[in-house]
Amino acid sequence: MVEVIKRGAYLVDGQIVWAEGAAGQDAPERARERTIASSILRSHNRGTDPGKLRLKFDALISHDITFVGIIQTARASGLTRFPVPYAMTNCHNSLCAVGGTINEDDHAFGLSAARKYGGIYVPANQAVIHQYARERLAGCGKMILGSDSHTRYGSYGCMGVGEGGGELVKQLLENTYDVPAPEVVMVYLEGRPRKGVGPQDVAIALVGATFPGGDVKNKVLEFVGPGVRSLSADYRIGIDVMTTETSCLTSIWETDETIRAYYESIGRPGDFKELKPENGAYYDSVVKIDLSRVECMIALPFHPSIACTIHELQENPEKIFAGVEESANRQLGGKVSMDLRRSIVDGKVTCEQGVIVGCSGGMYENIVEAAKILEGGSIGNGYFDMSVYPSSTPISLAITKNGTAAKLMEAGCVMKPAFCGPCFGAGDTPANNTLSIRHATRNFANREGSKPGNGQIAAVALMDARSIAATARNGGVLTAATDIEYESPTREELAYHFDGSVYAKRCYEGFGKADPDAPLRCGPNIRDWPKMPRLEEDLLVRLCAVIHDPVTTTDELIPSGETSSYRSNPIGLSEFTLSRRVPEYVARSKAVRSLEEARSAGSVPAEVQEVLFKVGGDAARTTVGSCVFARKPGDGSAREQAASCQKVLGGFANICYEYATKRYRSNCINWGIIPFTMDGSVDFPYEDGDWVYVPGMRKAIAEGAEAVTAKVIRAGGAVCDLPLRCAGLTAEERLILQEGCLMNYYMSCRTGNAGL
């Protein structure tokens, strides 16, 4: 089905030729330039070092959880206008906050910012962020940077990168996105999917094969091979958007007449061009997917990579669920127990909710085929319910006109507007400890409604829309779409008749029309960033959260869902930091922040004096802050609040064995949090309350020293050495860390004091 081959290979005349047998081919470093990925990256590179890219993007995109903070940061850093098209969609905070105006105030702020700085504003429920980008911004050979992790448009010939807000701020201020030149992985598709097997099935199989071993982490996936031609445009993007869950940097596909027809259908034929690797292109490794062998898949809690076929689960649900429960309950730390086996009734797995939603599920073809499966049937009047969220108003309009929506409603499904909420816990939260099946992007712990501290747990499994519909037709009993008889949609039914007039009537297209005199509309919850302290010569941080989970997700660092209404209020949002994983963290970090505030005011607390005395430190030259240890933090969302909230609370460092994603590490740097790593073979025996002292930290950063020796002062008074690394920082990143955060850096640049 999916084979990961860790060997270099060339693509010669459309065939894989392994490097060791590739006589007559150019050396890898030269032949790698023949990949599609390299050609696009080089065309956007503004640097001179081939190993270190400095990229400028063609367009930017954000949603209403992130754009207010980005604009506030950019304003504080000197923003005067948007230099490239910047679209702000309202697809995350679309629900009104009970008893307040918070979310709509954010939307009004977005429209006022688009008018003032020359941006694009997409009102609530018009489109989810990525569907708008696909239909209005993507183009072959282009690059888009988005403040959402699922910024992926590779199947349309456009490289999308999901990053934290700080990286978008840099682009708005006409600086670059700096990244080491990535390796390129060939994803070779062959065969044709069977009836009933959808793009989410292929995606889950791909994630399950690549994520656990980090095989494609921070690399580019380049999709080629004869199997590409067998896939529609919707099918391709359904696979592509889920490549985020492999932890790759970005993706790109070869383009053909299918993609030409797509651009023609959405009224932008000029944005198509044929992309394909040059003959003899070199790839650092290969992933082979035989589409004809892919089965209907399910990804079980708590990660898209915990994958098995639906048939495997049907055959042995007790054993598989027991293993998932053990892992999940260990991760939940005893606060609540997951009981998936309660979903086994008379030997069959039963589900209580089905959801088709967002940038992965709410695509036109997914909805059409789900409707064909459910046509004439019923989801029943039991516990099972089902919601369908088309990913844009044009898709909603199309399925309304052709009767698809009517078929779903007649079967008992609820049709809803474009909204990302179910993907992060702000809509369609399932009942406690029941199994929800979703064609969505993620199923992390602490995400789709889980509140372990309150004894509540959401169990979400990912599936394709086709098998969700088959399960719904079977009354909630887990069913693979390949196991039922249904009439496939006709060619005409699968034809998406795009009507962009709804965008023209509702969206504000203001790029190139900046009005500096236009006022910003700021509701009472929209707050400026608090002042962030600079890094002194030495650093003293206290461990306020020590997490030994294999991976710590963004949703655990800063919960999604109920926190969304506070995204524009840095101080208010910070109160939720790690609240579902280490509830004591906020109070601990605030206590440390108060020590730093007293120290910087000239009244050094006795506790700080005592700790520094043990290591010969000087309070006058030592920044005091809080620190989080986690083995592998930052998997998942690009939301910069995972780092900015730590900073608002006084955070100055993270310590880990490795960062789960580049974007979380970038977020830490942009918010002045030093991204320490340590040797994975060394145990971390230290505990909450221990202090870590790093002498000469500012000088080490300034000079690019990648290894430092810290001193750990244990709660009992013992002092131990701790080797730490802070490797791979660019010159600009070193300045950002010295200044204390990206905003401070830009303000210092304006005054000529950066890095001093």
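Biologist: What covers the buried residues of helix 24?

Modeller: This is a predicted model. In it, the cover over the buried residues of helix 24 includes helix 20 (554-557), helix 21 (570-574) and helix 22 (585-600). Strand 28 (622-630), strand 30 (651-656) and helix 25 are also included.

Biologist: How many residues of helix 24 are buried?

Modeller: Eight of the eight, residues 641-648, so helix 24 is largely enclosed by the rest of the structure.

Biologist: Which ones are they, by name?

Modeller: Gln-641, Ala-642, Ala-643, Ser-644, Cys-645, Gln-646, Lys-647 and Val-648.

Biologist: And what comes just after helix 24?

Modeller: Gly-650, with a positive phi of about 105°.

Biologist: You mentioned helix 25. How does helix 25 cross helix 6, and at what angle?

Modeller: The axes of helix 6 (residues 165-172) and helix 25 (residues 662-670) cross at roughly 70° and come within 8 Å. That makes helix 6 roughly perpendicular to helix 25, because angles from 65 to 115 degrees count that way.

Biologist: Which residues meet there?

Modeller: From helix 6, Gly-165, Gly-166, Glu-167 and Lys-170. From helix 25, Ser-666, Asn-667 and Asn-670.

Biologist: What classes of residue are in that contact?

Modeller: Five are polar and two are charged. The contact of helix 6 with helix 25 has no nonpolar residues.

Biologist: Switching to helix 4. Is helix 4 mostly covered or mostly open?

Modeller: Mostly covered. Twelve of the 16 residues in helix 4 are buried. Among them are Ile-102, Phe-109, Ala-113 and Tyr-117. The buried set also includes Asp-105, Asp-106, His-107 and Lys-116.

Biologist: What span should helix 4 have, and what are its end C-alpha atoms apart?

Modeller: Helix 4 covers residues 102-117, and at 1.5 Å a residue its 16 residues should span 22 Å. The end C-alpha atoms are 22 Å apart, which agrees.

Biologist: What follows helix 4?

Modeller: Gly-118 follows, and the phi of Gly-118 is positive, near 85°.

Biologist: Is Pro-123 buried or exposed?

Modeller: Pro-123 is buried, as its relative accessible area is 6% and the cut-off is under 20%. Leaving out residues up to four places away in sequence, Pro-123 touches Asn-90, Arg-506 and Cys-507.

Biologist: How far apart are the C-alpha atoms of Pro-123 and Met-338?

Modeller: They are separated by 38 Å, and the two residues are 215 residues apart along the chain.

Biologist: What about Asn-125? What is its phi?

Modeller: Near 70°, which is positive in a residue other than glycine. Asn-125 is partly exposed, with a relative accessible area of 25%.

Biologist: And Asn-218, what is its phi?

Modeller: Near 60°, again a positive value in a residue other than glycine. Asn-218 sits in the loop between helix 7 (199-210) and strand 12 (220-224). Asn-218 is partly exposed, at a relative accessible area of 32%.

Biologist: Now cis peptides. What joins Pro-301 and Phe-302?

Modeller: A cis peptide bond, with omega about 5°. Phe-302 is in the loop between strand 16 (297-299) and strand 17 (307-309).

Biologist: How many bridges join strand 2 to strand 14?

Modeller: Three, with strand 2 being residues 9-12. Ala-9 stands opposite Tyr-283 of strand 14.

Biologist: And strands 20 and 21, parallel or antiparallel?

Modeller: Parallel. Strand 20 (residues 353-356) and strand 21 (residues 385-388) pair over four bridges. Gly-354 is opposite Met-386 in strand 21.

Biologist: How many bridges pair strand 21 with strand 22?

Modeller: Two, in the parallel sense, and strand 22 is residues 414-415. There, Val-388 stands opposite Met-415 in strand 22.

Conventions:
Residues numbered from 1 in each chain as written. Predicted model: local features only at pLDDT ≥ 70, side-chain atom pairs only at ≥ 80, totals over all residues. Heavy atoms only, no water. Pairing = 2+ DSSP bridges. Expected span 1.5 Å × (residues − 1). Buried < 20%, exposed > 50% of the residue type's maximum accessible area, 1.4 Å probe, protein only. Axes fitted to C-alpha atoms, helices over the stretch in contact; angles between N-to-C directions. Parallel < 35°, antiparallel > 145°, perpendicular 65-115°, else oblique. Contact = heavy atoms within 4.5 Å. Nonpolar A, V, L, I, M, F, W, Y, C, P; charged D, E, K, R; others polar.
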